[in-house]
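Student: Hello! Could you help me see how the words used for a protein structure are tied to numbers?
Tutor: Gladly; let's look at one together.
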Amino acid sequence: MALDKHMRALELDKVLELLAAKTTSEASAARARELTPLTDWRDVSEAIAQTADINSLSVRYGTPGLGGIKDCRDALWRAQRGGRLSIPELIQVGRALKVIRNVKDWRGQHEGSTHVDDLFYALTPCRSLEQELDRAILSEDELADEASHELGDIRRKIRRTQLKIREQLDSIIRSPQYAKILQENIVTLRDGRFVVPVKAECKNEMKGLVHDVSSSGATVFIEPVAVVDANNEIRMLEGQERQEIDRILLELSGMVGNIAGPTADSFDSLVELDLLFAKSRLADEMKASVPQISKERVIRLNKARHPLIDKKKVVPVDITLGDTFDTLVITGPNTGGKTVALKTLGLLALMAACGMLLPVSDNSCVPVFDRVLADIGDEQSIEQSLSTFSAHITNIISILSAADQNSLVLVDELGAGTDPVEGAALAVSIIENFRQKGALVAATTHYAEIKMYALTTPGVENGSCEFDVETLSPTYRLLIGVPGRSNAFAISQRLGLPQEVIDRARELVNTDSARFEDVVDQLEATRQKLEKEQSAAMSNRQQAEYIRQQLEQEKKRLQKEMDTQMAKAREEAQTLVERVKSQTDALLNELEELKKQKDKEDFSQQVGKVRSGYKGRVEKLRDLADPVATRREEKYTPPRAIKSGDTVLITDINTEGTVISGPDGSGNYLIQAGILKTKVKKDRLRLVEDNGRKVTFNNHRRIQPSQSKSVASAKTELDIRGMASDEGIMEVDRFIDQSLMMGLNTITIIHGKGTGVLRTAVQNHLRKHRSVKSFRPGVYGEGEAGVTVVELK
């Protein structure tokens, strides 16, 4: 079905031409130009879902090669009916089979289901025929010697015979006997036979057949008798070659005919897939998004952009229709964007019905219409006002007869081109008739009467294209719910029209019109004020949201630090329990041994020794059971004054911390130790400032994590090759947590090169990980693109 005049008025044909330019084959381009809007909600929803899924696949995995194929369906059907295909036709079939196989394989590499899987599953490769055609055909003019054993033998015989003839003729042209009669010492071909050029006056001196005479008549081309039989043999062999070529082509054509049906269906699927990839490419170019296809008659286009206007110049507009009102009356100055808004509304509705993504922001929706009817003209000259009005009314009559509850009606300059009073009355009457038929209506106008009609009629809403009086230029913003202002007086005053002329004009405006304009002015002033307040509120909200996010991040950081401290405490507690258990077991063993020796003579002496040892060991158990080391009094003088930012050792708990402030009036410093803040006296602090960060206290040496035995043996590499993305990311998170606890600063993640899916997933996750300071791909000697080197905070 061809595009009707309404679709052309809205420039759908131009968008389809853009789409055709994105295809890679003539068949796909033709199908793009033949697209017509669908009218069933399920069909439109499926078409949009297919385009969205193709776009998602393209973004994630790129696009398969679809170029270079030509429509070979006629050749397929002819081969199926027993016809013999030419070499170029067989080449087209071979290329189509190769693309079918490549696209099928491309989809098979990627998991998940989509709305276009039926098109991919319909592809039926035939690798054996593809290879046979590739082996047999050398070029568009020649079959390969390997096409058949017989063809190879015939061609070898032809080459041997030709070589034999050349040798004989070479001996003739080099012979002194014939030197005087030859025009040139060369061998040439005439009518496929080898000949030598002889001077015309000496033609009787060489026995043979004359095949040609030069244009000047000075040379005759003679086939010597000695090579006549060999030339005849070549002619016979060439006839056999042609017969064998015909047989091979017929055989290959039969093989093509055997798979003609599935291959033709596969080609149809290829064309449809190519069209979907073209829609995806056009959507990317337009920065389009997926619209919701509404079952209700509700249009909501957020930040809609006309696809045919330069992306650098187009001004996005918000358009709503069909929710709380079914009719939108748009007013505003000439060249203010009214017609563009109207065309944008209609064109995007048609594009969605064609299964195309729309240049709108998220949460936009459009319904499905049976018809989009438009009366949009660009001629607005005074000289053509009568003919323009007549054409306008003729279009309105046809639209009135076609409109119904499933129609979207768009009318530009409704009622224009005639007496303003009659035109306004006619416009209101036409709008009422459209509404009675149940159609959604959007119309542009200059008439104040229609603005008033929209203000006083439920279901009818005013809209206006904003105009900046200060700069005398339109902003192209569409404001729903606000009638357009009459800017004639303001514009005239800014351009320098005398004030007395403007004042007199104001006096001549009737009271009702003046009152209406005053109301519109007040509404506009109120709107601008509310818009500024809304903008300020939005800014405050964004700032509050930013602060909330910062607090949330800090909360997560503190929680992580607390979890780390808790894990450390559990580990130390477990060590403590094991040591106490070991000491207890030793005591119990000694008591058991003592019990066995109670009858010996030296039993009392042994009891005394055990009692003495028992007291010492109990004291050790007390020391182990006390998580806070007993402080040994010792005199200590710091090498310099302790200041904010210094790292210090708190002797009471044998833990390092950072000085926040101090000393206060009581001589206490405020110390940050892990997640805790505490006040500590100066004599309970030891300054830690040497490079090794080695401090002794109570005869115990503190070694930093970077020097600990556990860190020395810690793994710095994680191998996740062969894992799925989700599994790999979980392993990466677990490894980062272990590395942080071990005090590691740099780790290496081995993900392999492969298709790059796992590498991309890991690196995207690292970008958002709160413990990752930076990361980079490996360099030569590290694993290059197969590894990612991570620096931790």
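Tutor: Let's start with a pair of helices in this predicted model: α14 and α15 cross in the right-handed sense.

Student: What makes that crossing of α14 and α15 right-handed?
Tutor: A crossing is right-handed if the near helix is turned clockwise from the far one by less than a right angle. Helix α14 (residues 420-436) and helix α15 (residues 448-456) pack at an angle of about 35°, and their crossing is right-handed. Their axes are 8 Å apart.

Student: Which residues make the contact between α14 and α15?
Tutor: From α14 come A424, A427, V428, I431, E432 and R435, and from α15 come E449, I450 and Y453. To count as a contact, heavy atoms must lie within 4.5 Å. By class, there are six nonpolar, no polar and three charged residues.

Student: Where do α3 and α11 come in, and how do they cross?
Tutor: Helix α3 (residues 26-33) and helix α11 (residues 260-286) have axes that come within 9 Å and cross at roughly 60°. This crossing is right-handed. On the α3 side we find A27, S28, R31 and A32; they meet F267, D268, V271, E272, D274 and L275 of α11.

Student: How many residues of each class are in the contact of α3 with α11?
Tutor: Five are nonpolar, one is polar and four are charged.

Student: Now a single residue. Why is V225 called exposed?
Tutor: Exposed means over 50% relative accessible area. V225 has 52% relative accessibility, so V225 counts as exposed. This residue belongs to helix α10 (residues 225-258).

Student: Which residues does V225 touch, beyond its neighbours within four places in sequence?
Tutor: V225 is in contact with K207 and G208. Between V225 and G208 there are 4.6 Å in space, C-alpha to C-alpha, although they are 17 residues apart in sequence.

Student: How do you know that β5 and β6 pair?
Tutor: Two strands pair if there are at least two bridges between them. Strand β5 (residues 208-213) and strand β6 (residues 219-224) have five bridges, in the antiparallel sense. One detail to look for is D212, whose bridge partner in β6 is F221. The hairpin has five residues between the strands, and G217 there takes a positive phi near 80°.

Student: What makes β24 and β26 edge strands?
Tutor: First picture the sheet: four strands form an open sheet in the order β24-β25-β27-β26, with mixed pairing. β24 (717-719) and β26 (772-777) are its edge strands, as each pairs on one side only. From one strand to the next, the twist averages 20°.

Student: How many bridges join β24 to β25, and do they run parallel or antiparallel?
Tutor: Three bridges join β24 to strand β25 (residues 746-750), and the two run parallel. Here D719 stands opposite I750 in β25. Helix α22 (residues 757-768) packs on the sheet, touching β25, β26 and β27 (787-792). The direction of α22 makes about 155° with that of β26.

Student: And the whole chain: what share of it counts as buried?
Tutor: The figure is 40% of the 793 residues, where buried means under 20% relative accessible area. The chain has 22 helices and 27 strands. It exposes about 44,800 Å², with carbon and sulfur atoms supplying 50% of that.

Notes: Residues numbered from 1 in each chain as written. Predicted model: local features only at pLDDT ≥ 70, side-chain atom pairs only at ≥ 80, totals over all residues. Heavy atoms only, no water. Axes fitted to C-alpha atoms, helices over the stretch in contact; angles between N-to-C directions. Nonpolar A, V, L, I, M, F, W, Y, C, P; charged D, E, K, R; others polar. Buried < 20%, exposed > 50% of the residue type's maximum accessible area, 1.4 Å probe, protein only. Areas by Shrake-Rupley, 256 points an atom, 1.4 Å probe, with all protein chains shown as cover.
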